[in-house]
Amino acid sequence: MRDEPQLIRDASTGDRAAFDELVRLKRERVVRTAYQVTGDLDDAMDVAQGVFIKLWQGLDRYDTRRRFDTWLYRVTVNAAIDFVRGRGPKGTIQPLPEDPTDLLAESGPGIEDRLDHGALQQAFSRLAATLAPKQRAAFVLREIEGLDTAEVARVMGVAESTVRNHLFQARKTLRAGLERDYPGLVPKTSRTRKSES
Amino acid sequence: MSDHLSRHRIEDYDSLSAERRADVLEHVRDCAGCRTAWLAEDDSRLFALLAHAPIPEHKLDQLSARIDAAIDRVEPRIRTRRLGYAAASVAASLLLAAVLGAVLWNHETPAPMLTHLDEIVVQPALEEEIAGIKLVASPDDEAQVLDLKLGETQVLMIFDESIEL
């Protein structure tokens, strides 16, 4: 069993088995990131395919002193942003769901199985489509992928203050969209407390 | 972890480290009370729960198959490119060996051209030596002579800007 650095070294010399293993290790992360930035799973598959082909062709030029995941996130986010920009306004307007309900009011073990990720995803894809691609990418990396602000800045090649600004704008837009279009999605007590403060 | 999150963790969620935010996220997935308090700080946190949204396994397998097929298509090009580099390296080595061979051969049996160069180089009054590099006068302009001694073999390289190739 080869560890990740060994897989990277072997894959960079043209070892297909090592590269396949590397793809298996990283594919979900790449697809999920591309999905959240493009808002469409099929588009994310196209982006991910391009990312891994680029990886195969350029792995011998990868600087091993840098964190591999940071490099991979960077390639993925750039490819996804390029894809969104190339696509233009197509697909940015999606219909509202007929009956957005409070998906998160339940509690207890196994709640994860009952969470309607589909509805949550639909709401995010629809609302995030109104964000600038870089705001969206910053939000996805920080809030969904769980990276630190400094790491997001490295991935996006910008200053931390720029990332914070992107996040501020993204949260503001998403909050407004949730209140306007998905009033049932957030537990009512949350909204009540928020409006009281 | 205690039954519920501390007020501090909920209020300062955004400034926590990545690991601590992951812990909070793990907790609020299953605890409605903490989740409500956590969302009260910022509704947009709701979308952080997408971190746990699974990508269907069959889609990921499709992706692997597509990547395999795509690499099979691009690999011959990569191989050709790498072979090209290798061929260029071999050609450069052969050329260097040929040049050195010719120089050494000429050194043992002076050819008319070398005689001509000797005439240019051997002008003691015009020589100026700088750390093994001699500046000499050529018929039209200044030339540099690099005198290398490899064991018993002497290699003389002359750089003359006035010579047009």
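**Exercise 1.** Which residues in helix 2 of chain A meet which residues in helix 3 of chain A?

Some conventions come before the solution. This is a predicted model, where local features need pLDDT of at least 70, side-chain atom pairs count only at pLDDT 80 or more, and totals for chains, interfaces and linings use all residues. Residues are numbered from 1 along each chain as its sequence is written, while chains are lettered from A and ligands numbered from 1 in the order in which they are written.

*Solution.*
- Contact requires C-beta atoms, placed from the backbone, within 7 Å.
- Helices are DSSP runs (H or I, at least four residues), numbered from the N terminus.
- From helix 2 of chain A come A:Phe19, A:Val23, A:Arg27, A:Val30, A:Val31, A:Ala34, A:Tyr35 and A:Thr38.
- They meet A:Leu41, A:Asp43, A:Ala44, A:Met45, A:Val47, A:Ala48, A:Val51, A:Phe52 and A:Trp56 in helix 3 of chain A.

**Exercise 2.** At what angle do helix 2 of chain A and helix 3 of chain A pack?

*Solution.*
- Axes are lines fitted to C-alpha atoms over the stretch in contact, and angles run from 0 to 180 degrees between N-to-C directions.
- The angle is about 140 degrees, and the axes lie 8 Å apart.
- Angles under 35 degrees count as roughly parallel, over 145 as roughly antiparallel, 65 to 115 as roughly perpendicular and the rest as oblique.
- The two helices, helix 2 and helix 3 of chain A, are therefore oblique to each other.

**Exercise 3.** How many residues does the contact take from chain A and from chain B?

*Solution.*
- Chain A gives 45 residues and chain B gives 34 residues.
- Helix 3 of chain A gives the most to the side of chain A that touches chain B, with eight residues.

Note on methods:
Contact = placed C-beta atoms within 7 Å.
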